[in-house]
Amino acid sequence: MKGIFPIDKFRQLRTPFYYYDTKVLRDTLSAVRSVMDKQQNYVVHYAVKANANPKLLSIISGYGLGADCVSGGEIRAALQAGFPAGKIVFAGVGKADWEIALGLDCGIFCFNVESVPELEVIDKIAADKGKVARVAFRINPDVGAHTHAHITTGLAENKFGISMHDMDKVIDMARGLKHVQFEGLHFHIGSQILDMGDFTALCNRVNELQDKLEARGVRVAHINVGGGLGIDYSHPNRQPVPDFQAYFATYRNALKLRQWQTLHFEPGRSIVGQCGSLIAQVLYVKQGAEKQFAILDAGFTELIRPAFYQAYHKIENITSDAPLQTYDVVGPICESSDVFGKAVDLNAAKRGDLVALRSAGAYGEAMASGYNCRELPKGYLSDELI
Ligand code: LLP
């Protein structure tokens, strides 16, 4: 065992695979739980898209969280893992008819509606079933977040949500429909946000909108502020549990929640990010003219974030204590973007060494693909490897 990894167990498994440290996950969930216990009007829905591994989902549902789903498949996965339907929210700009029907059949808490045509389809499908769908409108707050351009979602230019200027019109329209019930407002400004000021800016915008609605006599039962809390990719061991105290305190202080309202959150990355590592093996060390490459048996098929978002994941050689050397760490996929990191300092690597790509619990396994006819990676929990 070097550091936090059970190397002997790893040696018995076929690489690459995901390894989830359940202690980190449970510590993270306990931190969230303790806030929920104090703030009874806070409801936390885990964003299933971050990681839908059934074993992780079961642990997360065990802590009393709800689920934030973006597809019929995620709704099914959430139900199977024990999340109650009454705590499932269903978001997404392109909900298919069968997915809406599924949400209605199982009685989910709320549809987060992103457009007028979608509202009309939900009303029609609900009418056919003789049901009433609870809906919240996802409002695009036009609030920027200090994060990567690919993962900011709250700006006017993004495809998400309904423009603030159309909000009144859409709410009035919903109130005229018989098979939808207007319940709440939904927001999400982006992901991997570490500056609490961004969330404060969202709160200020929500306060403004709420004041306007109140002046028109519109009562909103719940506010959903989405997810977005970031994690420390540079130092996975320094702060394995994100600062939920500061995060929730920002909302407690800046958001003027009405006393009848519930406040909903949809964290994904902050729940599962730090508990997961992608474990790969060094296949070859190749000397180039100017640099050396550590070629792994994992590539962007297992972890796409570096190739897709130029995201940083800390890379460690977990089976070597030899002095540091510098490598470009790359995968086996036939694409030049299949690079995990350039000029990475690793303990000197040789064929057969095991490498951990840290902080990969969120949007890692969930975004894996079968490109090049590769097998999807398996995920193992630390509990299983004792
Ligand atoms: N709610 C909504 C409406 C969302 O769109 C998202 C994420 C979340 C909640 C959860 O956000 P989180 O707490 O995880 O930041 N694949 C990208 C991230 C995409 C995030 C998409 N939406 C990545 O690997 O960085």
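The legends below describe close-up views of a predicted model.

**Figure 1. Overall view of the predicted chain.** The chain contains eleven helices and 17 strands. Its C-alpha trace extends about 70 × 40 × 40 Å along the principal axes. The radius of gyration is 22 Å, which agrees with the value near 21 Å that a compact globule of 386 residues would have. Of the 386 residues, 57% are buried. Among contacts with a separation of 6 or more, 73% join residues 24 or more positions apart.

Figure 2. Leaving out residues up to four places away in sequence, Leu-65 touches Leu-29, Met-36, Val-44, Tyr-46, Ile-60, Phe-83, Lys-87 and Ile-271.

**Figure 3. The cis peptide bond between Thr-15 and Pro-16.** Omega of the bond that joins Thr-15 and Pro-16 is about -5°, and the bond is cis. Pro-16 belongs to the loop between helix H1 (7-11) and strand S1 (17-20).

**Figure 4. Strand S6 at Val-135 and Ala-136.** Both Val-135 and Ala-136 lie in strand S6. Val-135 counts as buried, because its relative accessibility is 0%. Ala-136 likewise counts as buried, because its relative accessibility is 0%. With residues up to four places away in sequence left out, Val-135 touches Cys-110, Phe-111, Val-113, Leu-119, Ile-122, Val-180, Gln-181, Phe-182, Glu-183 and Gly-184. With neighbours within four places in sequence set aside, the contacts of Ala-136 are Cys-110, Phe-111, Asn-112, Val-113, Gly-184, Leu-185, His-186 and His-222. Ala-136 and Phe-187 are 51 residues apart along the chain, and their C-alpha atoms are separated by 9.8 Å. For Val-135 and Leu-283, which are 148 residues apart along the chain, the C-alpha separation is 51 Å.

Figure 5. Ala-221 is placed in the loop between helix H8 (196-215) and strand S9 (222-224). The relative accessible area of Ala-221 is 33%, so this residue is partly exposed. Apart from neighbours within four places in sequence, Ala-221 is in contact with Glu-183, Trp-260, Gln-261 and Thr-262. The C-alpha atoms of Ala-221 and Leu-185 are separated by 8.6 Å, while the two residues are 36 residues apart along the chain.

**Figure 6. Positive phi at Asp-142.** Asp-142 is a residue other than glycine with a positive phi, near 50°. Its place is in the loop between strand S6 (133-140) and strand S7 (162-163).

**Figure 7. Positive phi at Cys-373.** Cys-373 is not a glycine, yet its phi is positive, at about 55°. The residue lies in the loop between strand S16 (354-357) and strand S17 (378-381). Cys-373 counts as exposed because its relative accessibility is 80%.

**Figure 8. Ala-289 in the loop between strands S11 and S12.** Ala-289 is located in the loop between strand S11 (276-287) and strand S12 (292-296). Its relative accessible area is 89%, so Ala-289 is exposed. Ala-289 and Thr-301 are twelve residues apart along the chain, and 27 Å separates their C-alpha atoms.

Key: Residues are numbered from 1 along each chain as its sequence is written. This is a predicted model: local features need pLDDT of at least 70, side-chain atom pairs count only at pLDDT 80 or more; totals for chains, interfaces and linings use all residues. Side-chain values use heavy atoms; hydrogens and water are left out. Helices (H or I, at least four residues) and strands (E, at least two) are DSSP runs, numbered from the N terminus. The radius of gyration is taken over C-alpha atoms; the globule rule is 2.2 Å times the number of residues to the power 0.38. Buried means under 20% relative accessible area, exposed over 50%, partly exposed in between (1.4 Å probe, protein chains only). Contact means heavy atoms within 4.5 Å.
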